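Dear colleague,

I am passing on the structure below, and would be glad if you could look it over. My notes on it follow.

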Amino acid sequence: MALRTIVQDGDPILKKVCRPVTKFDDRLATLLDDMHETLLDANGLGLAGPQVGMMRRLFVCLDERDKPEEVPADYQEKFIDFVNPEIEYLSEETDEQYEGCLSFPGHNGAVVRSKSVKIKAQDRTGAWFELEADGMLARCIQHENDHLNGVTIMDRATHFYEDDYPEDNEE
Ligand code: NI
C-alpha cells in the first residue's frame with residue numbers, strides 16, 4: 001500500500017464529473033487500499049476518487065458504527081468501498097453541521113444534509129450491495145458522493161466556521 005497525494009483547492013479536477021468504474025481488477029483493489037491508508041494518514045472520514053486524481057465514480061468511508069468508545073490498542077479501522085454508487089433515498093429530515101474536506105484544509109463549512117440515506121453501490125469485486133445509514137456515515141456518504149459530481153463543501157456550505165468563529169474559543 002502507498003499514500004496518494006490529496007488534490008488540493010484550485011485543482012480543476014475537483015470540479016469535474018467522474019466516469020463509471022468498468023474494470024474490477026487488481027489496480028482497482030490497490031487504489032482502494034491506498035485510499036484507505038491515505039484517509040487514515042490524513043485523519044479524515046471519507047475520500048473520493050478525484051481527491052487522489054482518479055476521475056472515477058468511487059469513494060471510501062470510514063465505518064465507525066461499531067467503534068467502541070474506549071478504543072482498544074489493537075483496534076482495526078473499518079472502511080466501506082463504494083464503487084459506482086447510486087443514492088436511492090435521501091430523508092426529508094435534514095440537519096446542518098460543520099464539515100471539513102481534505103481538499104480544502106482550513107475551511108469548515110456548515111452544510112445541510114439529509115439525516116439518513118439509502119445507497120446502492122458495487123464493492124471492489126463488482127458485487128452490488130445496498131446500505132442504509134444515518135448519523136456521521138450518512139453525512140460522509142453525501143459529502144463523498146458530491147465529489148463524484150464535481151461538487152464540494154465550497155459549493156454547499158451556507159457559511160464557514162472561520163466567518164463566525166466562536167469568541168469564547170481561545171486558540
Ligand atoms: Ni471532501
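What covers the buried residues of α1? Among what covers them are β1 (46–48), β2 (58–63) and β3 (78–90), where contact means heavy atoms within 4.5 Å, and where helices (H or I, at least four residues) and strands (E, at least two) are DSSP runs numbered from the N terminus.

Please bear in mind that this is a predicted model, in which local features need pLDDT of at least 70 and side-chain atom pairs count only at pLDDT 80 or more, whereas totals for chains, interfaces and linings use all residues. Residues are numbered from 1 along each chain as its sequence is written, and side-chain values use heavy atoms, with hydrogens and water left out.

Helix α1 covers residues 26–41, and its 16 residues reach 22 Å from the first C-alpha to the last, close to the 22 Å expected (1.5 Å times one less than the number of residues). Its buried residues, with buried meaning under 20% relative accessible area for a 1.4 Å probe and protein chains only, include Leu28, Leu31, Asp34, Met35 and His36. The helix lies across β1, β2 and β3 and runs at about 45° to β2, with axes taken as lines fitted to C-alpha atoms, for helices over the stretch in contact, and angles running from 0 to 180 degrees between N-to-C directions. Just after α1, Asn43 takes a positive phi of about 60°.

The open sheet has five strands in the order β1-β2-β3-β6-β7, with antiparallel pairing (two strands pair if DSSP finds at least two bridges between them). Its edge strands, each pairing on one side only, are β1 and β7 (128–134), and the twist averages 40° from one strand to the next. Seven bridges join β6 (residues 116–122) to β7 in the antiparallel sense, and Lys118 stands opposite Glu132 in β7.

The largest pocket has a volume of about 360 Å³, a pocket being an open set of points on a 1 Å grid over the protein atoms alone, where a 1.4 Å probe fits, with protein on both sides within 12 Å along at least five of seven lines. Its lining residues (an atom within 4 Å of a point) include Arg4, Lys23, Asp25, Arg27, Met54 and Arg56, and α1 gives the most to this lining, with four residues.

Finally, Pro12 lies in the segment before α1 and counts as exposed because its relative accessibility is 52%, the cut-off being over 50%. The C-alpha atoms of Pro12 and Gly150 are separated by 9.1 Å, although these residues are 138 residues apart along the chain.

With best regards

Conventions:
Points joined across faces, edges and corners; volume = space filled by probe spheres on them.
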